[in-house]
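This briefing is meant for someone meeting the structure for the first time. Please look over the sequence and the model before reading on.

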Amino acid sequence: MNTRLLVIVGLVLVAAGILLTSSFFIVGQTEQALVLQLGEVRRVIREPGLKMKRPFIEDVITFDKRVLDFEPPHEEVIVSDQKRLVVDAYTRYRIVNPLQFYQTVGTEAGVRARLSSLVTGSLRRVLGSVTLSDILSAKRDAIMIHIRDDVAAQARPFGIEVVDVRLRRADLPEENSQAIYARMQSEREQQARQYRGEGAEAAQTVRANADRERTIILADAQRDAQRVRGDGDAQATKTYGDAFGQDKQFFSFYRSLQAYRDALTGKDTAFVLSPEGNFFRFFGGVPGAMSTAGGNAAPQSANAPPAPGSPGLGPAVSGSPASPLGPAAGAAAAPPVVAGSAPSDTVRDAPRTP
């Protein structure tokens, strides 16, 4: 008897527990619920807490009250300047009317499918009326607001509120990107060639100006040098003229010594000259000089004056101790004159006049 009573009590407690479990439910802080009786909505519960329902007759469906995210697949749209863009957008929405939401789309999966078509259509309409430069400029915010308002107006019958629609990425298709990159590269290369050409032109202008200034500077320097050289030559000529005017014979003798010094240089110097020529006129009274008449060499006395008409030194130099071509100096400076079979004689290895 006691065992049967315990079993009955146990069954009653289990049934009561099941009944109580089916009669109570909890609505979370971030949730809102619909109470359905045989598929018909009986109540809309928006406040959180412990709620009651009829067991086994009523069912409860909960929806999230928070802002939900939805990312539709990227779409390829054509903007007003006939450029193709691959647009990647995302949408944020909130369920504000769970009853209307349940009656129109039923579940979150259903609203996502509807939102995908709404967002795609709005992107095509709005972006089809703007240009690529507008999307890439500061006008992008206004474009996104326009898209959000358009999607929100169409999604309102679903019991949802579209909070925001954003364009995450707006890129050109891969094939268009490659073509645009190639065109940009060619434009940059053309611009670089233009800059190089302008630089070369500027460099050529600088070089031409520098060459012109160099030519002018050299011409001025040469002019000044010629002027200074001319002044020096004039002064030297005046000095020589003054000296020649003081003592013509000594000046002729000095100039001949300079000619001997300049001509008789080097170890292998050779001349083919006539001894009676004007070049050797100061060697006529030097001892050791050789006459070419008949091939006989007759030395002339160092102290004897030269014959009249002879190209000798004359009274100023012959036999005088102070004469530059006296017996000592004349013997050392006179080159050997060798008579030959030809009218001309050869002077070889002439020593340099001291």
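How are α3 and α5 oriented to each other? The model is a predicted one, and in it the axes of helix α3 (residues 108–127) and helix α5 (residues 140–155) cross at roughly 140° and come within 9 Å. Angles over 145 degrees would count as roughly antiparallel, and α3 and α5 are therefore oblique to each other.

**The helix pair**

- The crossing in which α3 passes α5 is right-handed.
- On the α3 side the contact is made by L115, L118, V119, S122, L123, R125, V126 and L127, while α5 contributes I143, H146, I147, D150, V151, Q154 and A155.

**The nonpolar cores**

- The largest nonpolar core contains 36 residues, and L115, L127 and I160 are those with the most contacts inside it.
- At least two residues of this core come from each of β2 (31–37), β6 (68–70), β8 (84–95), α3, α4 (132–135), α5 and β9 (160–171).
- With seven residues, α3 gives the most to this core.
- Leaving aside residues up to four places away in sequence, L115 touches F70, Y93, V151, A155, I160 and V162.
- There is also a second, separate core of five residues, among them F25, V27, V35 and I45.

Key: Residues numbered from 1 in each chain as written. Predicted model: local features only at pLDDT ≥ 70, side-chain atom pairs only at ≥ 80, totals over all residues. Heavy atoms only, no water. Axes fitted to C-alpha atoms, helices over the stretch in contact; angles between N-to-C directions. Helix = DSSP H or I, 4+ residues; strand = E, 2+ residues; numbered from the N terminus. Parallel < 35°, antiparallel > 145°, perpendicular 65-115°, else oblique. Left-handed = near helix turned anticlockwise from the far one by under 90°. Contact = heavy atoms within 4.5 Å. Core = buried A, V, L, I, M, F, W, Y, C linked by side-chain atoms within 4.5 Å. Buried < 20%, exposed > 50% of the residue type's maximum accessible area, 1.4 Å probe, protein only.
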